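User: I'd like to learn how to read aromatic pairs and nonpolar cores in a model. Can you walk me through it?

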Amino acid sequence: MEIIHSFASYIDQYKRSIENPEEFWTEVANDFHWRKNWDSVLEWDFHKAEVQWFKDGKLNITENCLDRHLPTCANQTAIIWEPNDPSEASIHITYQELYVNVCRVANMLKANGIQKGDRVCIYMPMIPEVAYAMLACARIGAVHSVVFAGFSAGSLIDRINDAGCKLVLTSDGAYRGDKVIGLKSIIDEALEKCPTVERVIVAKRTMSRVAMKPGRDVWWNDEVKKVTDSCAAEEMDAEDLLFILYTSGSTGKPKGMVHTCGGYMVFTNYTFRTAFQYQERQVYWCTADVGWITGHSYILYGPLSAGAITLMFEGIPSWPDMGRFWHVIEKHRVNIFYTAPTAIRSLEKAPLSFVKQYDLHSLKVLGTVGEPINEEAWHWYHENIGHGKCPVIDTWWQTETGGFMISPIANITKLKPAYATLPLPGIQPAVMDENGNELLANGVEGRLAIRFPWPSMARTIYGDHQRFKDTYFSTFPGKYFTGDGCKRDDEGYYRITGRVDDIIIVSGHNMGTAEIESAIDEHSAVCETAVVGYPHDIKGQGIYAYVICYDRPHEEDKLRNEIRELVAKIIGPIAKPDKIQFVSGLPKTRSGKIMRRILRKVAEGDTSNLGDVTTLLDPSVVDEIKAGAI
Ligand code: WT7
């Protein structure tokens, strides 16, 4: 499929993808290496929550990420690895080297009893071995379940047991800024409650002393020496499982989202090349961790299947100082930089000199993902990082969708700050009202659903298809429900307004917390904001804002008034916060999501049972917030 090169060709591809999806996706899929072609492109029934793409097509995703690039690109860099400590050397891994390492690790897994269909838990830092591990699983048809290395033993236990993992890949420890985290000891604690795990393979990274359990634990370095580096790829059906990735649900138990081989490969590759307009030999950097879907789809599978140069960063944005990202961009002459709004806002807090000391002119395209980006952060990013020249690609998607759904196409889609803009080809969004009616016009606001399947959508929740059906296909029968609210403006552009559970209804008016936050963030003294609703006698719900300022405010009430007036000006008097609490931090998960559940409880004046706060990045902010509650 020809890559989109103009707005007219976007309109043309989009139209074709809607009018004849099977023909459209056949054309996209024909660009890959299949051992055998599919018998049917698409079979689906959203009432049963069943979708199959490229049925009976046979392939191995690693042949598409590795083998097929070797004749032309064996010596081209596949992965640039940048370590946590800037004084340690970075590593360039060519496609040939990556291929050899993946084959060796694949053989290591086989030698340790892993076969096609077995589940392997990967609990590792951002080191090259984690990429080898994921691709090695894919090579032999084992199903990887990557658990973010910031999760605790309790989270590991749930995930390992739910998937019934047989083997765990981990490392002695992980670097995180100036800290060392003992990953192996967390695994040891978890495995006391994980009866399915027979083997643990431990890579060396921090050289920390770890306990090795005889009969269960072995060293990666020893094991890879025992095997050869040639490993034929397992032939997989397009609908065989590629991986499971857990995402949090509204009930406590995480949902194991299941992604399959064929459609996932086709869609992540297509969207990567389309949205970023990736050009051969460009250096692309996605700052996510491989523990999240962004790392799966847009550090590894999408870029590697496209033969790209993908940068993997072990460190954090704030160490050794707040200029670390900008330093890495200069050092590796990064062309495409993809990060999260939460990172942008925290770096924005630092003096601009941290940005200015680096040469960022290699940048061509910027991206964001994970939450609605407020306009103020969008502009800061666009102006200070992109020098006003790089488009900001605000990609809306989910763990469940596998790849980008609504996103600008670099240098082709007209941008609007804070808008994810237009659906990519193949994606048919629908805006629904509360009664389940589709709002067909432009200039509407409602809940975002998707009308038609796309190749990389999750197929089920591992072991619980009923929950999959209930969560995503029952709210609006016949449609996939995203859980997000959105606005479609007069031009058909989409703005994601946040999760619908974050919608506040004030005096009968429907308001997205993200929208109010974005307005408050416009105040020059404000760095970041979280808004929640709380019960209000007259209005139904009142608006409670938790506000972080660059500097602790001297005259709190004066600032409160300014903020209220600003919100009234930007959105309307109805959106004025009733209560404003100044805080120094917000309760965030390790992936940067604000835990609104906690903020809502405090706003309600009920601090007796805040639930589990152990998964927070910094649980101590909760005490401060409780103490300062208004
Ligand atoms: C939820 C999915 C997609 C990978 C990272 C997060 C929110 C994501 C955007 C965006 C506004 C966004 C949505 C979505 N979200 N990207 N560009 N603009 N909101 O994956 O953890 O599965 O979260 O993140 O609310 O439903 P996830």
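This is a predicted model: local features need pLDDT of at least 70, side-chain atom pairs count only at pLDDT 80 or more; totals for chains, interfaces and linings use all residues.

User: How many aromatic pairs does the structure hold?

Analyst: There are 45 aromatic pairs. Take Trp34 and Phe54: their ring centres are 5.5 Å apart and the planes meet at 55 degrees, so this pair counts as tilted. Planes have to be over 60 degrees apart to count as edge-to-face.

User: Where do Trp34 and Phe54 sit in the chain?

Analyst: Trp34 is in the loop between α2 (21–29) and β1 (40–45), while Phe54 belongs to strand β2 (residues 50–55).

User: Which rings have a lysine over them?

Analyst: Trp219 is one: the charged end of Lys204 sits over its ring, 4.4 Å from the centre. Tyr493 is another, with Lys414 over its face at 5.6 Å from the ring centre.

User: Now the cores. Which residues have the most contacts inside the largest nonpolar core?

Analyst: Leu169 and Trp326, in a core of 155 residues. Helix α6 (residues 128–140) gives the most to this core, ten residues. Leaving aside residues up to four places away in sequence, Trp326 touches Phe337, Leu347, Phe354, Val355, Tyr358, Leu360, Trp380 and Ile385.

User: What does the second core include?

Analyst: That separate core has 27 residues, among them Phe148, Cys165, Val168 and Val200.

Note on methods. Residues are numbered from 1 along each chain as its sequence is written. Side-chain values use heavy atoms; hydrogens and water are left out. Rings of Phe, Tyr and Trp (its six-membered ring) pair if their centres lie within 6.5 Å; planes under 30 degrees apart count as stacked, over 60 as edge-to-face and the rest as tilted. Helices (H or I, at least four residues) and strands (E, at least two) are DSSP runs, numbered from the N terminus. A charge sits over a ring if NZ of Lys or CZ of Arg is within 6 Å of the ring centre and within 35 degrees of the ring normal. A nonpolar core is a set of buried Ala, Val, Leu, Ile, Met, Phe, Trp, Tyr and Cys residues joined through side-chain atoms within 4.5 Å. Buried means under 20% relative accessible area, exposed over 50%, partly exposed in between (1.4 Å probe, protein chains only). Contact means heavy atoms within 4.5 Å.
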